[in-house]
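This briefing concerns a single protein chain. Please consult the sequence and the coordinates alongside the points that follow.

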Amino acid sequence: MTLPPTLLPLDRLIASVEETIESMNGGRKMEKGRMFGSFDDVKMEEYRKEGKARWGRTVDESYARLGKLNPDQQAGVWAESEEITQGIADRMDRDAGDTEVQELVGRWHGLINERFWSCSPEAFRGLGEMYVQDSRFTEFYDRFRPGLAAFLRDAMNVYCDRTAEG
């Protein structure tokens with residue numbers, strides 16, 4: 001499996017982990033460069049600097065929280081993230097306020113708060129907007145299903161509105 005250079009760091013990490021697991025389960029040897037292919041240090045540092053310029057300490061908090069997890073725990077975070085995203089994509093034929101969609105969005109908000117950074121409903125709403133405004137995020141989410149970035153934003157807005165009401 002060759003990892004396209006246009007993938008977001010999370011997507012590249014997931015692809016690399018999947019390839020590593022396939023290699024381990026299949027008993028075939030994987031070259032070290034391929035095993036760690038998702039970790040383009042230059043690109044990761046670029047993303048980190050961009051994030052730090054935009055969101056300051058939040059980026060440091062996210063890296064610190066994730067860095068405290070062992071590799072199995074980190075893989076679990078990525079797997080849960082993908083499960084939530086796919087679950088929302090599978091429900092795009094429903095209204096953004098649908099109970100199951102909102103449960104998944106609530107899980108997404110909870111995962112961010114637990115594993116990455118303290119994310120207020122206002123910040124969560126902004127994150128949803130970024131999924132549509134930043135083409136890298138749109139491309140990432142729309143790979144699950146075309147239009148997912150916009151649907152996810154809408155569902156996150158419903159979630160935030162309901163959180164503010166309750």
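What does the accessible surface of the chain come to, and what percentage of that surface belongs to carbon and sulfur atoms? The accessible surface comes to about 9,700 Å², and 52% of it belongs to carbon and sulfur atoms; accessible areas come from the Shrake-Rupley method with a 1.4 Å probe, and for residues only the protein chains shown count as cover. The model is predicted: local features need a pLDDT of at least 70, side-chain atom pairs count only at pLDDT 80 or more, and totals for chains, interfaces and linings use all residues. Residues are numbered from 1 along each chain as its sequence is written, and side-chain values use heavy atoms, with hydrogens and water left out.

**Confidence**

- The chain averages a pLDDT (the predictor's confidence in each residue, from 0 to 100) of 78, and 65% of the residues score at least 70.

**Overall organisation**

- The secondary structure consists of nine helices and zero strands; helices (H or I, at least four residues) and strands (E, at least two) are DSSP runs, numbered from the N terminus.
- Of the 166 residues of the chain, 37% count as buried, that is, under 20% relative accessible area, with exposed meaning over 50% and partly exposed in between (1.4 Å probe, protein chains only).
- Of the contacts in the chain with a separation of 6 or more, 63% are between residues 24 or more positions apart.

**Packing of H5 and H9**

- Helix H5 (residues 71-89) packs with helix H9 (residues 148-165) at an angle of about 95 degrees, their axes being 10 Å apart; axes are lines fitted to C-alpha atoms, for helices over the stretch in contact, and angles run from 0 to 180 degrees between N-to-C directions.
- This angle makes H5 roughly perpendicular to H9, a class that covers 65 to 115 degrees.
- Thr 85, Ile 88 and Ala 89 of H5 make the contact with Leu 148, Phe 151 and Leu 152 of H9.
- By class, this contact of H5 with H9 has five nonpolar, one polar and no charged residues; Ala, Val, Leu, Ile, Met, Phe, Trp, Tyr, Cys and Pro count as nonpolar, Asp, Glu, Lys and Arg as charged, and the others, Gly among them, as polar.

**Ala 123**

- Ala 123 lies in helix H7 (residues 121-133) and counts as partly exposed, at 27% relative accessibility.
- Ala 123 and Cys 160 are 37 residues apart in sequence and 9.5 Å apart in space, C-alpha to C-alpha.

Note on methods: Angles under 35 degrees count as roughly parallel, over 145 as roughly antiparallel, 65 to 115 as roughly perpendicular and the rest as oblique. Contact means heavy atoms within 4.5 Å.
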